[in-house]
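Thank you all for making time this morning.

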Amino acid sequence: MGASEFAIDVRGVTKKFGARTVVNDIAMQVRPGEIYGFLGPNGSGKTTFLRMLCGLLTPDGGEGKCLGLDFRTASNEIKKRVGYMTQKFSFYEDLTIEENLDFIARLYEVPQRKAAVEKSLERLGMTQRRQQLAGTLSGGWKQRLALAACLIHEPQLLLLDEPTAGVDPKARRDFWEEIHKLAASGLTFLITTHYMDEASRCHRLGYIAYGNLLAHGTVAEVVQAGGLTTWEVSGENLAALADKIRGLPGVEQVVAFGTTLHVSGRDAEKLRASVAPFLTNAHRWTKIESGLEDVFISLLETAKDNFS
Amino acid sequence: MSFNLQRFWAVVLKEFIQMRRDRLTFGMMVGIPMVQLILFGYAINSNPKHLPTAIYAADNSPFSRTIVWALRNSSYFDLTREAHSAAEIQNWLAEGTVQFAVTVPVDFSRKLLRGEKPDLLLEADATDPSAVGFAQAAVSQLATTVINRDLTGPLTRLRASAPPFNLVSHQHYNPESISQYNIVPGLIGVMLTMTMIIITGLAITRERERGTMENLLSTPVHPGEVIIGKIVPYIMVGYVQMTLVLLAAKFLFDVPFIGSVPLLVALTFLFIVANLAVGITFSTIAKNQLQAVQMAFFFFLPSLLLSGYMFPFRGMPGWAQDFGECLPLTHFLRIVRGILLKGNGIAECAPDLWPIALFVTVMLAIGIKRYRQTLD
């Protein structure tokens, strides 16, 4: 892996589309064998960042290494060692599973291609269905095929762009099992996602909004850094209560979670003062640990004030 | 379910909004009728006049000058060149620089005066029979009357037996005026234009539309490998099509194969590349497959009408001919007809090769520039 102890080690990565800065001065360090979750609202620059890492887009600024290679000049070498899974299924629907795998294996000049394709089919559990057209696969199977195709050249780093969008919970869980297994064998992952449960399955997270990396670290670190205080409220007439407390000083989020209400804010004292009149017997108030989602939404609100 | 006007109107409005959003389609809806109007209304003329004509006056006499003058006045012939040998005339006809050649033989006036009915030779490049038909009819009319003016005084007696000279008309390359000889070889060019532009346009746009291009480019594959790899199969398809037409030309239509077929196959490659370059350039502009097809059609229509495939090239007004000269099909038609019907070699084809090469260079420059932009 070279001198760097990181699989991804970049600083100051910037991309502009015309006058708009889509990725602004992002630094990222990912260790080998780590699953790094990349979160952020739609259009925040996640995909653009991934595309720059694998050489699809030319960055306007930044430096650093990807798998020990200069990510700005050695993109051809990097491509050989990286697997990139696009957001949309981007294999050939009018080719069979086997033909798709074989095609990708040829592009990567995989040695002993036939054996590699065979192995990949086996791991997919698609040996029997190899002649099936990729277009006829269900969403979950398409995603597994895409993952298998990304892995066929035995990359060291996988960039997965919303790999589980539109995939059912069972398939998603299987997918994450697979990823953890692969990470344990030394593969590094950079995965974008919108699902909080998936975020919490990552070793470390980064949260990006408006092109800026707002928070990063383990789940606990990110939650801690968010500095959010959250109350959980249960009882009658929660909707009416929500209307009353929304907008009070210090109350930043009032979100309904099933039969409970989450009320949170960054200034714990102000929040307490504002909700004090409502601490009656009608409702049960409990102080809970803030969730990732609350933290992210809070970060997004702050970022909106700062950047947009 | 009854027909509800409000729901119906909602669909109508939605269609109009979408129509307006797709600028290119909208442009095509207005553009194609306009192009057709201009082409059919102004450019196409099935009775071509002012055809370039060479004269070889071996006998320079008042009579031959009268004939020259009369030809010019008929408005069918423009005397563009004067030859100094019979060989020169053959050369020009082969290259296609002239449509007609008039030869006044050495002893024309002497024989005429003696009442021996000399021959006046009119040679035509009849590869496209429809280009020469009217002109030939005009010239035979001319022959009976034109010289009478000069036959005065004692020569008046020569008028009596109409016409005082024989007009010998030679239709070169297609003596029987068989239009298939012209159309069938030309079809190779038309078919290649259509297939190459539409298919390459589609093949690359489809890749982008379905998102597979992004996936391809994330692999170590070089963009050049993608483009060339994508078009080579279609070049083969092009040659299969060409083979089919050539076989049909030979065995179904009895088209003469006077020139070298290997030469034709070799030169066709340049033409195929020209069309592929157009297809690639279109694919960098088109946002989806529908637009790619529309753009291909927009290119195909003038190619078909202004190249001399359907209507005689020289029948068109000057601006239309200038435009036609820019199209690769125009030059390819001259090459394919030249080789098959006239037996032309590389030297005679050269004047039509460099315009195609220039077209390829310009198109590829645009295509590559646009292709680069679509990546970032």
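Let me begin with a term: two residues are in contact if their C-beta atoms, placed from the backbone, lie within 7 Å. With that in hand, among contacts in chain B between residues at least 6 apart in sequence, 79% join residues at least 24 apart.

A word on where this comes from. This is a predicted model, in which local features need pLDDT of at least 70 and side-chain atom pairs count only at pLDDT 80 or more, while totals for chains, interfaces and linings use all residues. Residues are numbered from 1 along each chain as its sequence is written, and chains are lettered from A and ligands numbered from 1 in the order in which they are written.

I will stay with chain B for the moment. Helices (H or I, at least four residues) and strands (E, at least two) are DSSP runs numbered from the N terminus, and chain B has 15 helices and five strands. Along its principal axes, the C-alpha trace of chain B spans about 90 × 55 × 35 Å. The radius of gyration is taken over C-alpha atoms, and the globule rule is 2.2 Å times the number of residues to the power 0.38; for a compact globule of 376 residues that would be near 21 Å, but chain B has 27 Å.

How is chain B divided into domains? The bounds come from an automatic or database domain assignment, which gives domain 1 (51-172) and domain 2 (179-375). The C-alpha centres of these two domains of chain B lie 40 Å apart, and the contact takes ten residues from domain 1 of chain B and 14 residues from domain 2 of chain B. On the domain 1 side of that contact, helix H4 (86-95) and helix H6 (129-145) of chain B each supply at least two residues, with H6(B) giving the most, three residues. If we count Ala, Val, Leu, Ile, Met, Phe, Trp, Tyr, Cys and Pro as nonpolar, Asp, Glu, Lys and Arg as charged, and the others, Gly among them, as polar, then this side divides into four nonpolar, four polar and two charged residues.

Next, the interior. A residue is buried if 20 or more other C-beta atoms lie within 10 Å of its own, exposed if 12 or fewer, and partly exposed in between, with C-beta atoms placed from the backbone; of the 376 residues of chain B, 38% count as buried. A nonpolar core is then a set of buried Ala, Val, Leu, Ile, Met, Phe, Trp, Tyr and Cys residues joined through C-beta atoms within 7 Å. Of the 84 residues in the largest nonpolar core, B:Ala54, B:Phe100, B:Ala101, B:Ala274 and B:Val336 touch the most other members. Domain 1 (51-172) and domain 2 (179-375) of chain B both give residues to this core, so it lies between them. A second, separate core of 73 residues includes A:Leu67, A:Met126, A:Ile152 and A:Val295.

That brings us to chain A, where the domain assignment gives domain 1 (8-223) and domain 2 (229-289), with C-alpha centres 39 Å apart. Two strands pair if DSSP finds at least two bridges between them, and in chain A an open sheet of four strands has the order E2-E1-E4-E5, with antiparallel pairing. Its edge strands, each pairing on one side only, are strand E2 (20-30) and strand E5 (69-70) of chain A. Seven bridges join strand E1 (residues 8-17) of chain A to E2(A), and A:Val10 stands opposite A:Met28 in E2(A).

Further along chain A, strand E11 (residues 229-235) and strand E13 (residues 260-265) pair in the antiparallel sense over six bridges, and A:Trp231 stands opposite A:Val263 in E13(A). Strand E12 (residues 253-257) of chain A also pairs with E13(A) in the antiparallel sense, over five bridges. In the hairpin of E12(A) and E13(A), which has two residues between the strands, A:Gly258 takes a positive phi near 60°.
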